[in-house]
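Colleague: I would like to learn how to read a model of this kind, taking one feature after another. Could you give me the general idea each time and then the case at hand?

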Amino acid sequence: MKIDVRLNLLGVLGIKQSELALDTPADTTVASLIGLIDQHNPGFAAALSTDDGDLSPQFVFFVNGRNAMSLDGMKTRLNAGDVINVIPAIAGG
Amino acid sequence: MIVDRPESHFIFVVPLDHIEYRYNYITLRGEPLTNKQYLEHWGKWLVFGLREEVEELARKLDPYVEEKKIPAVKYDRKLITEFQLNRCVMCVYCHDETKDEVWEILSALGVRDKAWMYERETLEKWLPGGVNLEKWIQGRGLDHENAERVRADARAKFKKMFADENEIFTGVYQ
């Protein structure tokens, strides 16, 4: 399934590709998507995850505009056509 | 109306009525929100772009703000280099009950980033221990004493601001 990913304001991570159209398996979750993005942008997964495997509070991971932390965090299931935005938490106003 | 006060990092788009008659735009269907309602329902769509891009968008949003289809907008005057952000951030504010209508306006104007954040989430990040406040303290290299003073000030400010949950929310000076 197709998922559009937009990585904003992530100069701090040295992001190489800020817009990705990824073809992912049907059972993709936020956690597995982060792994896929990491293949394009090494270091992404380490930055987005805490040692406990949760989403890092330093960043906000949006699924169709909604903060993944208010969904099911790393376990949030993704669907075809979902739009993902990732920003540093500091950019939230 | 675009309000550009040089002393502020932010540039605002608010209704002219707000400037002339102190119209409160933090409302739902004309009813001002209480502190509790504000924390539960008020938020913003985040938009990212170069200064020229967000300025152009602000000009396009201004008529919607005057018509009160969008309550208010604020955006960065310049890039915040100490946080290594390479884009300006624009906040397009509204109640969560109207966020889909506001998104339709933004989408029609070409906005593609879709990021909704409640004000509650932002405020929590600026409390002691919150990622934004701690990063701000770190970025300025404050010593322990000054860092503790900043934390205490932040705690006191928010406590005072939301002391009575049934009071009408009166805003955050920025």
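This is a predicted model: local features need pLDDT of at least 70, side-chain atom pairs count only at pLDDT 80 or more; totals for chains, interfaces and linings use all residues.

Colleague: Which strands form the open sheet of chain B, and in what order?

Modeller: Strands of a sheet pair through backbone hydrogen bonds, either parallel or antiparallel. Two strands are taken as paired if DSSP finds at least two bridges between them. In chain B, six strands make an open sheet with antiparallel pairing, in the order β1-β2-β6-β7-β5-β8. At its edges stand β1 (2-3) and β8 of chain B, each with a single partner strand, so one side of each has no neighbour in the sheet. β7(B) in turn pairs with β5(B) through eight antiparallel bridges, where Leu46(B) has Cys91(B) as its bridge partner. Three antiparallel bridges then link β5(B) to β8(B), with Trp45(B) facing Trp116(B) and Lys44(B) facing Met117(B).

Colleague: Which residues of β6(B) point one way, and which the other?

Modeller: In a regular strand the side chains alternate between the two faces of the sheet. In β6(B), Ala72(B), Lys74(B) and Asp76(B) point one way, whereas Val73(B) and Tyr75(B) point the other way, and all are buried. A residue is called buried if 20 or more other C-beta atoms, placed from the backbone, lie within 10 Å of its own, exposed if 12 or fewer do, and partly exposed in between. Since five of the five residues of β6(B) are buried, that strand is largely enclosed by the rest of the structure, and β5(B) is likewise largely enclosed, because seven of its eight residues are buried.

Colleague: Which helices lie across the strands of chain B?

Modeller: An angle runs from 0 to 180 degrees between N-to-C directions, with axes fitted to C-alpha atoms and, for helices, over the stretch in contact. Helix α3 (residues 51-66) of chain B lies across β1, β2 (10-13), β5, β6 (72-76) and β7, at about 170 degrees to β6(B). Helix α4 (residues 99-108) of chain B lies across β5, β7 and β8, at about 15 degrees to β5(B).

Colleague: Which members of the largest nonpolar core touch the most others?

Modeller: In soluble globular proteins, nonpolar side chains tend to be buried together. A nonpolar core is here a set of buried Ala, Val, Leu, Ile, Met, Phe, Trp, Tyr and Cys residues joined through C-beta atoms within 7 Å. The largest one has 57 residues, of which Phe61(A), Leu46(B), Val47(B), Val73(B), Met90(B) and Val92(B) touch the most other members. β7(B) gives the most to this core, with seven residues. Leaving aside neighbours within four places in sequence, the contacts of Val73(B) (C-beta atoms, placed from the backbone, within 7 Å) include Phe12(B), Leu61(B), Met90(B) and Tyr93(B).

Colleague: How many residues of chain B are in contact with chain A?

Modeller: The size of an interface is often given as the accessible area lost when the parts come together. Here we have a count of residues instead: 21 residues of chain B are in contact with 21 residues of chain A. Among the elements that each supply at least two residues to the side of chain B that touches chain A are β5 (42-49), β7 (88-95) and α6 (131-139).

Colleague: How is helix length checked, and is α7(B) well covered or hardly covered?

Modeller: The expected span is 1.5 Å times one less than the number of residues. For the 18 residues of α7(B) (residues 144-161) that should be 26 Å, and the end C-alpha atoms are 26 Å apart, which agrees. This helix is hardly covered, as the count of buried residues in α7(B) is zero.

Notes:
Residues are numbered from 1 along each chain as its sequence is written. Chains are lettered from A and ligands numbered from 1 in the order in which they are written. Two residues are in contact if their C-beta atoms, placed from the backbone, lie within 7 Å. Helices (H or I, at least four residues) and strands (E, at least two) are DSSP runs, numbered from the N terminus.
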